[in-house]
Structures are given as structure tokens and as C-alpha cells.
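Hi everyone, thanks for making time this morning. Please have a look at the structure on the screen, and then I'll walk you through a few places in it.

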Amino acid sequence: MFSKLALRNVRRSFRDYGVYLLTLTFGVCLFYTFNSIEGQGAIVYLSQSKNPMVDAIMTIIDIFSVFVAVVLACLILYANRFLLRRRKRELGTYLLLGLSQGQVSRLLFLETGIVGLISLAAGLGLGVLASFGMSALTLSMFEMDVSALLAIKFSPAAAGKTVIYFGIIFLLVMALSGVQVSRARLIELIHGERKNEVLKPRPLTVAVVQLVIGVICLIGAYAILLTFGMALAVAVPFLCFPMLGLGTLGTLLIFRSLSGFVMKFVQRRPGLYYKNLNVFTLRQWLSKVHTTYLAQTVVCILLLLAIGITASSIGLNNTLSSMTDGEAPVDITFWDYYDVEGGDEPMDFPALLREGGFDTEARLSGQNSITLYRNNPEVTGFERGEEGPVQAVLALSDYNRQLTLLGQPPLELAAGAYQVVEASPLNGASHWRYLVVEDGRTQGLEPICQCWSANYAGQAEEVERAIFQLTAPFETTRSIYSDSRLEVYQDMMGNKILVLFLGLYLGFTFLLAATAVLALQQLSQGADNSRRYAILRRLGAEERQVAKSATQQVALAFLLPLTLALVHSVVGMKAANDIIATAGKVDVTASSAVTAGVILVVYGGYFLATALACRRMAKNA
């Protein structure tokens with residue numbers, strides 16, 4: 001009997017409160033997706049390359065997973081508390097029919113177990129697909145063919161970890177539900193739905209003063225952030241704490257002032273105030289803002305964190321990509337620091353490769369050898385510029401061949417002139433400054449080293465492996481060093497994936513928490529308004545007007561914290577982009593577009609689900 005009753009209650013609850021199942025499923029999906037990264041293509045590729053960032057990524061993901069689990073546990077407990085509050089009358093009826101409190105607790109235990117199994121199954125299934133999408137996203141950042149690593153895979157380790165964490169959460173929910181029912185009195189359960197929110201009128205002067213003070217606090221917080229920058233504000237506590245305090249206080253005061261400010265503002269416009277059901281809609285919405293301004297402030301801050309972290313991680317990811325080309329303009333570079341005084345001759349790398357059976361014509365798309373000389377001011381005529389001395393001198397013909405290898409136009413020098421080059425045309429020495437002179441002026445200069453650069457034709461990893469096999473014996477007998485674009489790229493990819501994973505992990509977590517809290521609050525208000533909707537119908541309100549009122553209340557509740565969070569995020573992203581720009585170019589358009597898409601899908605999805613549920617409640621009232 002209990003099993004049948006539990007199944008019936010679960011079906012009914014999901015019909016009216018599908019947001020609860022949606023939150024549980026998304027939570028399981030999110031947790032599984034980011035804990036299954038060990039088997040995703042990008043991490044597999046980095047593991048095969050023995051990249052040290054793999055262990056760091058897995059360790060940091062494990063640490064943050066504990067934090068995410070705590071956030072999701074609080075969210076699930078909040079959602080379960082909401083469901084119990086809506087079912088107080090039902091639970092009281094069970095007690096009136098003769099069930100003991102222990103039997104009611106047992107019923108809730110079975111219902112929570114069924115919900116947990118359904119959400120775990122649906123979340124894991126969705127998580128497998130999401131992990132495939134995450135793998136495709138990260139593999140798309142690689143500038144080489146790694147499509148063989150893209151496949152839908154199930155991670156038993158991640159699934160086991162997800163089941164353990166969420167099993168503990170559901171057991172905690174079961175225990176707290178039983179305790180709450182056992183301590184509740186019958187009269188409280190029967191009349192629990194009749195408690196109304198009281199809208200205490202506030203003087204317009206008080207509301208306006210609160211609004212003005214809130215705006216001043218936000219302007220002060222923005223001024224500190226934009227003047228001193230995010231890095232300085234975080235590093236110096238006496239700047240950080242006032243900035244955060246002013247921002248939080250300003251947000252709180254703005255939400256608190258709305259119940260008095262907006263009401264007086266609209267009441268002075270009778271054409272708007274008394275149109276359709278605007279009186280009812282506005283008062284019901286403001287009653288919640290009046291009593292839940294603290295929750296609205298928390299939701300706004302969570303949305304700010306979600307938007308800021310997601311956009312910053314994507315922006316920094318694009319910046320790291322642009323840095324790769326600067327660090328490694330060509331595929332491979334060898335530096336041969338030969339001993340001139342000892343009679344050494346510069347290494348002829350193309351001849352060495354051909355002797356080992358390496359076809360340089362077929363496996364290299366281009367190559368160039370450059371001799372680097374030590375600067376002698378008496379010969380070159382250059383001693384020291386405004387930026388300091390140069391590290392090496394290049395012959396104009398060598399430098400122009402290198403530019404041709406990079407696909408850049410050649411440099412032209414007037415007779416007897418020279419040119420200081422800031423950007424390095426060689427791997428591994430982007431911080432060097434070169435002096436380019438006419439070929440004849442290098443005659444009396446001392447050679448520093450021989451530099452050979454090449455670009456690959458074909459599979460980069462195979463070509464590079466063959467080159468290293470042929471040059472490895474000479475690295476022990478000569479001072480030969482190599483710089484590989486592939487190695488720089490792999491190191492950079494580790495940092496990119498770490499930034500992207502953590503940013504999306506935390507961003508999705510905060511976004512899920514904010515939207516779920518908002519949705520549950522609106523479902524609670526929709527259930528509270530059921531009797532009021534019935535009264536409106538008896539007073540002659542049309543069905544269309546009642547449904548529109550329910551949708552408008554949900555829209556206002558979702559738009560208010562999002563609007564203020566967007567204002568905060570614009571200022572915050574300006575400060576964050578200033579820091580990211582110090583490392584490279586910031587692609588604001590790409591990061592903003594991706595973040596907007598994420599907000600639209602998750603936030604918009606919750607809004608639609610909540611609005612439809614509230615409309616159904618109004619219709620069935």
C-alpha cells in the first residue's frame with residue numbers, strides 16, 4: 001500500500017512541481033559530467049602526452065566537487081522543504097485518517113527514494129551525453145586531428161562517485177523530512193497553507209532614501225573596482241572588503257526599497273494600476289519582494305558569480321589560445337650553441353635528417369637556418385636603445401627568409417641602416433630583441449649559435465617524433481636545445497582546459513542554484529495564490545487574464561535579479577578583462593555570446609517551466 005501511495009504522490013508532485021525533478025536531474029548531470037573528465041578526449045590526449053597538468057586538473061576538480069556537492073545539497077534540502085510546505089495539508093489528512101507519524105515518515109522515505117532513483121537515472125543518462133558534448137568542446141580547441149578520441153563513453157568511477165554523493169544527500173533529505181513531520185502538530189499541518197504574506201506599507205520617503213543610498217553604495221563599489229582594478233582590490237584587503245560590502249549593501253537596499261517605491265509610482269498612474277489584473281499582479285509580486293529581499297540579494301549575487309566566472313573563463317581561454325602563436329611561431333626550432341674557439345662547425349640539421357632517412361622535402365613544408373651574432377657596436381653602430389641593448393644580431397637575408405617561413409612580408413633596409421625587432425621570429429625567445437643589419441655588416445661579428453626552424457607537413461606528432469629520434473644523440477655531445485610548438489601548445493592546452501572546466505563547473509553550479517531558488521519561490525507563491533485565483537474567477541476575471549497574471553508575476557521575479565546582476569557583471573567584466581588583457585588579446589564578443597547562450601538556455605528553461613507550472617496552478621484553482 002505504501003509503495004502504491006508513494007508512486008501516486010510522486011507522479012502528482014512531478015506534474016505540479018516538475019522544477020524539483022529538473023533541479024535534481026541537472027545536479028546529477030552536472031556532477032557526473034565534470035567528474036568524468038578523466039575519460040574525456042582532451043584529458044586522454046594530455047595523458048598520452050604525459051602532460052603534468054592532468055594530475056593538477058583532476059585534483060582541483062575533486063576539491064571543487066566537494067564544494068559543488070555542498071551547494072547542491074543545500075539546494076536540494078531547500079527544494080524538499082518547499083515540497084513539504086506545500087504538502088502540509090495532505091500530510092495532516094493522513095494523520096486524521098489514522099496513520100501514525102512514523103508511517104507518514106516512512107511514506108516520505110519511500111517517495112524520496114523513488115525521486116532519487118529517477119533523478120539519478122535521468123541525470124546519469126543526460127550526463128553521459130553532456131560529457132560527450134564537453135569532450136567535443138574541448139577537443140575543438142586543438143589545432144590538430146584528434147577526432148579519434150571523440151566517442152560517447154560511460155565512466156563507472158564518476159557514476160559511482162555521483163551515486164555515493166547524492167545517496168548521502170538523499171539520506172539526509174529523508175532523515176530531515178522524517179524529523180520535520182514527527183515534530184509538526186496536526187493543527188499546523190491542516191492550516192499550513194492559510195498563512196498569508198503581509199504587505200506592510202512603507203512611506204515613500206523611506207523607500208526613496210533607501211533607493212538613493214543603495215545607488216550611491218553601488219557607485220562607490222564600482223568606483224573602487226574600476227579605479228584600482230580587480231587584482232589590486234583583491235590583493236589589498238582594505239580595498240576588497242569595502243568594495244564587496246558596498247556592493248552587497250547597495251543591492252540589498254535597492255531590493256528592499258522596491259515594495260514602497262514601485263507601489264507608489266504605479267498608484268499615481270491609475271490607467272496602468274487598474275488595467276486588467278495589474279492591481280492583483282503588482283501587489284502579489286511586491287509582497288514577495290517585501291519579505292524575500294534577502295533571498296533576492298543572494299540570487300542576484302549568485303547570478304553575478306555565474307555570469308562573471310563563465311565569461312571570464314571563456315575570455316581567458318581565448319586569450320591563452322592567442323598566446324600560443326606568440327610563444328611558438330613555427331613548429332620546431334633547434335638552437336646549436338657550438339664552440340667556435342674549439343673548432344666546432346655549425347650543425348647542418350637538414351643534412352643530418354637526410355642521412356637518417358628523413359625526407360625533408362615531403363615531411364617539411366618549409367625550413368630555414370639562421371646564424372645569431374653577438375652585437376659589436378663598433379661594427380653595427382648600435383650600442384643601446386631606449387628599451388635597452390639587443391640580445392643578438394641577424395643578417396637581413398636570414399631574417400627575411402624567416403619572415404617568408406612565417407608567411408610575413410620581407411623587411412627592407414636602406415643602405416647603412418639597421419632595424420631593432422621587438423617581436424621574435426623564433427621559438428622560445430619572444431622576449432629577445434634583435435638587431436637586423438645588412439648581410440655584409442655581420443662579417444666581423446662573433447657567432448652565438450646556429451638556429452634551424454621548420455614547419456611540418458603531415459601529422460605533426462609523427463614528424464616531430466622522427467626528428468627528435470635523429471637529433472637526440474647529439475644533445476649529449478653538443479649544446480643543442482629545442483623548442484617545439486607542439487610542446488608549448490600541449491602545456492597551454494592544460495591551462496586552457498583547467499580554466500575552462502573550473503569556470504563552467506562553478507558557473508553552472510551558481511546558475512543552477514540561483515534559478516532553482518527563484519523557481520521554487522515562484523512555485524510556492526503560485527500555490528499560495530490558488531485560492532486567490534479562484535476568487536478572481538468568481539469576481540468575473542477571464543481565464544486569459546488569470547493565466548497572464550500568473551506569468552507576469554514569474555517574469556517580474558526572474559527579470560529583477562537578472563537585470564541588476566547584468567549591471568554588476570558589466571562593471572566586473574570590465575575590471576576582469578583589463579587583467580586578462582595584460583596576458584593577451586581579449587575576445588569580449590565570443591565570451592559574451594557564449595555566456596548569453598548559457599544564461600538563455602538554463603535561465604530561460606527554468607522560467608518557462610516555472611511559468612507553465614504556475615499557469616497550470618491558476619487554471620486548476
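**A walk through the chain**

Buried here means under 20% relative accessible area, exposed means over 50%, and partly exposed is in between, with a 1.4 Å probe and protein chains only.

A word on where this comes from: this is a predicted model, in which local features need pLDDT of at least 70 and side-chain atom pairs count only at pLDDT 80 or more, while totals for chains, interfaces and linings use all residues. Residues are numbered from 1 along each chain as its sequence is written, and side-chain values use heavy atoms, with hydrogens and water left out.

The protein chain has 22 helices and seven strands; these are DSSP runs numbered from the N terminus, with helices being H or I of at least four residues and strands E of at least two. Its accessible surface comes to about 29000 Å², and carbon and sulfur atoms hold 63% of that (Shrake-Rupley method, 1.4 Å probe; for residues, only the protein chains shown count as cover). Among contacts in the chain with a separation of 6 or more, 84% join residues 24 or more positions apart, where contact means heavy atoms within 4.5 Å.

Now to helix 19, residues 485–528, which packs against helix 20, residues 530–538. Their axes are 4 Å apart, at an angle of about 45°, and that makes helix 19 oblique to helix 20. Axes are lines fitted to C-alpha atoms, for helices over the stretch in contact, and angles run from 0 to 180 degrees between N-to-C directions. Angles under 35 degrees count as roughly parallel, over 145 as roughly antiparallel, 65 to 115 as roughly perpendicular, and the rest as oblique. On the helix 19 side, G526, A527 and D528 make the contact, and they meet S530, R531, R532 and Y533 of helix 20.

Staying in helix 19, we find T509. Is T509 buried or exposed? T509 counts as buried because its relative accessibility is 1%. Beyond residues up to four places away in sequence, T509 touches L30, V68 and V71.

Last stop, L246 in helix 10, residues 237–267. L246 is partly exposed, at 28% relative accessible area. Setting aside neighbours within four places in sequence, L246 is in contact with C217, L218, G220, A221 and I224. I224 is 22 residues from L246 along the chain, and their C-alpha atoms are 9.9 Å apart.
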